[in-house]
Amino acid sequence: MASITKIGNSWRAQIRKAGRKSISKTFPTKAQAIRWGYEMEGGAKAQTRLTVAEVIASYREQRELSGRPISKRTNTHHMLENLANDEFGLGQLRVEKLETDDLIQYCRRRLRTIQPSTANMEMTQLDTVLRHTKGMLELQIGDIVGDARPALHHYGLIGTSNMRTRRPTAAELEAIYKEIDARPRMKHMRAILTVALHTGMRRGEILRIRWLDLDDTRRTVIIRDRKDPKQKIGNDQEIPLLGASWDVIQAQRRKANEPRIFPYNPSTVSNNFTQICKKLGITGLVLHDMRHELTSTLFESGWQIPEVAVVTGHKSWTQLKRYTQIEPASLHDKPIAFRKTS
């Protein structure tokens, strides 16, 4: 096989054969260098020999070239790592030879350590990679993942995540705040928890908002590139800072050369919350459940779907209802116009 070497921002493919002068060529991406090497060595089309791992590498490169690199801190990065990893037996398979059984065997191996919902996400990521590279790499493939999904579902190898219904009780929140106050090194957690409870923002959204995104007149903040199942990049949304969230944010200290309001590590914030709950004996509660709490509270307070969606960012009731766990007893005080009966 050709020797592939990175030269600056380019990739050089070099072929050496006994008794012949070596030949080489430079390309902007590693995938193109690999394809050229295959073609020059064997005369066969490169796409018949590209592996899943090589196609994933090409997808990563294209994301970087387009200004949307895949951060090593994202779930996307870790899913691509798993798909390309030899340990799971998929990365070195040739893409054009992939069959349903290959994906079945991959998911079975993965289910030793993950849930079907996570395997489903990895299959979706593989589908994304193949759809966005097959034209560029001239891959002669069909809908590999789509064809395999019925069998993967039937055998229970992929599935949807269980809908969370956990909401914090008033007593739990009181205990958590008290524990935070007893830990000076975690004082920032009080502000983050309050903003989560009163805005429904996700952890990453809270830690990403900047001072310049605040509107003092409207008492709102713009969430940049808000999570969306179809298009996250450019999905900027303005939301109201409800309840105590506005005052809490205004009380934060501005730091020189730091544009963010809450410049903290996401993993550290989650770990802090987990430690506090463990110390208090509170089980089954995560920071993300504050989003459920705010959504349900707004509906219990009489808010309409479009109004709640402005806060949460959901674009349909199908998405929004996953975050809604209305307390049945709270409905007793809602006015009802019953028909008169004899």
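Start where helices α12 and α13 cross: the crossing is right-handed, meaning that the near helix is turned clockwise from the far one by less than a right angle. You are looking at a predicted model, in which local features need pLDDT of at least 70, side-chain atom pairs count only at pLDDT 80 or more, and totals for chains, interfaces and linings use all residues. Residues are numbered from 1 along each chain as its sequence is written, and side-chain values use heavy atoms, leaving out hydrogens and water.

Select residues 289-300 for α12 and 305-312 for α13: they pack at about 155°, axes 10 Å apart. That makes α12 roughly antiparallel to α13 (an angle over 145 degrees). Next, show the side chains of Arg291, Leu294, Thr295, Leu298 and Phe299, which meet Ile305, Val308, Val311 and Thr312 of α13; contact means heavy atoms within 4.5 Å.

Stay with α12 for a moment. Of its 12 residues, 10 are buried, so α12 is largely enclosed by the rest of the structure (buried means under 20% relative accessible area, with a 1.4 Å probe and protein chains only). Among them are Met290, His292 and Glu293. Then click on Gly302, which follows α12 and has a positive phi, near 95°.

Now move to α4, residues 100-110, and α6, residues 144-154, which pack at about 60° with axes 9 Å apart. Here, α4 is oblique to α6, and their crossing is right-handed. To see the contact, select Thr100, Leu103, Ile104 and Cys107 of α4 with Ile144, Val145, Asp147, Ala148, Ala151 and Leu152 of α6.

Note on methods. Axes are lines fitted to C-alpha atoms, for helices over the stretch in contact, and angles run from 0 to 180 degrees between N-to-C directions. Helices (H or I, at least four residues) and strands (E, at least two) are DSSP runs, numbered from the N terminus. Angles under 35 degrees count as roughly parallel, over 145 as roughly antiparallel, 65 to 115 as roughly perpendicular and the rest as oblique. Buried means under 20% relative accessible area, exposed over 50%, partly exposed in between (1.4 Å probe, protein chains only).
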